[in-house]
Amino acid sequence: MHSHPIQLWLAIPFVLLLVSIAILPILATSWWERHYPKIATGLASIPLVWYLFVLHDAKQPLGAAYEYISFIAVIGSLFIAAGGIHIRVKGEATPWINVIFLLLGGVLANVIGTTGASMLLLRPFIRMNKYRITHYHVVFFIFIVSNIGGCL
């Protein structure tokens, strides 16, 4: 197996996609909703074309595809398993209850993993906030439980 030097410019499509996901839904919502699949596919094809047609190396993209499929299988399995677990929450959430819930979710994510904690706690969090749920509730949940929880 021969390795190739790291081409940092190949990260540019990924960075562009992240920036697009962060900014375009706010600036051009309907345009973004119509064109997101084309943009994501186009940006993803840049490194794929580089590996296949310039480096003549199909092993790297195939390895990445294998890892992606494995990841989706794990996520699907967790979704199915967590679908049978129902955590009951009583009452409506207040800002302080949300803070405590997210704090406990972050700690639990450190114990059982961010993916497991996210699958287990997202539905109760949404139910607690059913009368006042916004995109920000979900973003904070993902940021704290799904991401930061693994750093504890």
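What follows is a short chat about the fold and a few residues of this predicted model.

Reader: Before we start, what are the ground rules on pLDDT and numbering?
Author: Residues are numbered from 1 along each chain as its sequence is written, and side-chain values use heavy atoms, with hydrogens and water left out. Since this is a predicted model, local features need pLDDT of at least 70 and side-chain atom pairs count only at pLDDT 80 or more, while totals for chains, interfaces and linings use all residues.

Reader: How many helices and strands does the chain have, and what pattern does it follow?
Author: Helices here are DSSP runs of H or I with at least four residues, strands are E runs of at least two, and both are numbered from the N terminus. By that count the chain has six helices and zero strands. Read along the sequence, the pattern is α-α-α-α-α-α.

Reader: Is the chain spread out or compact, going by its radius of gyration?
Author: The radius is taken over C-alpha atoms, and the globule rule is 2.2 Å times the number of residues to the power 0.38. For 152 residues that rule gives 15 Å, and the chain has a radius of gyration of 19 Å, well over it. The C-alpha trace spans about 60 × 40 × 25 Å along its principal axes.

Reader: What share of the residues is buried?
Author: Buried means under 20% relative accessible area, exposed means over 50%, and partly exposed is in between (1.4 Å probe, protein chains only). The chain exposes about 11100 Å², with carbon and sulfur atoms supplying 73% of it (Shrake-Rupley method, 1.4 Å probe). Of the 152 residues, the buried share is 20%.

Reader: Are H1 and H2 roughly parallel or roughly antiparallel?
Author: Helix H1 covers residues 12–27 and helix H2 covers residues 29–54; they pack at an angle of about 180°, with their axes 10 Å apart. The axes are lines fitted to C-alpha atoms over the stretch in contact, and angles run from 0 to 180 degrees between N-to-C directions. Angles under 35 degrees count as roughly parallel, over 145 as roughly antiparallel, 65 to 115 as roughly perpendicular and the rest as oblique. That makes the pair roughly antiparallel.

Reader: And how many nonpolar, polar and charged residues are in that contact of H1 with H2?
Author: Contact means heavy atoms within 4.5 Å. On the H1 side the list includes Leu 16, Leu 17, Ile 21 and Leu 24, and on the H2 side it includes Trp 31, Trp 32, Leu 43 and Ile 46. Nonpolar covers Ala, Val, Leu, Ile, Met, Phe, Trp, Tyr, Cys and Pro, charged covers Asp, Glu, Lys and Arg, and the others, Gly among them, are polar. The tally is 15 nonpolar, two polar and no charged residues.

Reader: Is Trp 32 buried or exposed?
Author: Trp 32 is found in helix H2. Leaving aside neighbours within four places in sequence, Trp 32 is in contact with Ser 20, Ile 21, Leu 24, Pro 25 and Ile 39. With a relative accessibility of 8%, Trp 32 counts as buried.

Reader: Which residues does Leu 43 contact, if we leave aside neighbours within four places in sequence?
Author: Leu 43 is another residue found in H2, and at 15% relative accessibility Leu 43 counts as buried. Its contacts beyond those neighbours are Pro 13, Leu 16 and Leu 17.

Reader: What is phi of His 56 near?
Author: His 56 lies in the loop between H2 and helix H3 (59–83), and is exposed with a relative accessible area of 64%. Most residues other than glycine have a negative phi. His 56 has a positive one, near 50°.

Reader: How far apart are the C-alpha atoms of Ser 77 and Gln 60?
Author: Ser 77 lies in helix H3 and is partly exposed, with a relative accessible area of 46%. Ser 77 and Gln 60 are 17 residues apart in sequence, and their C-alpha separation is 26 Å.
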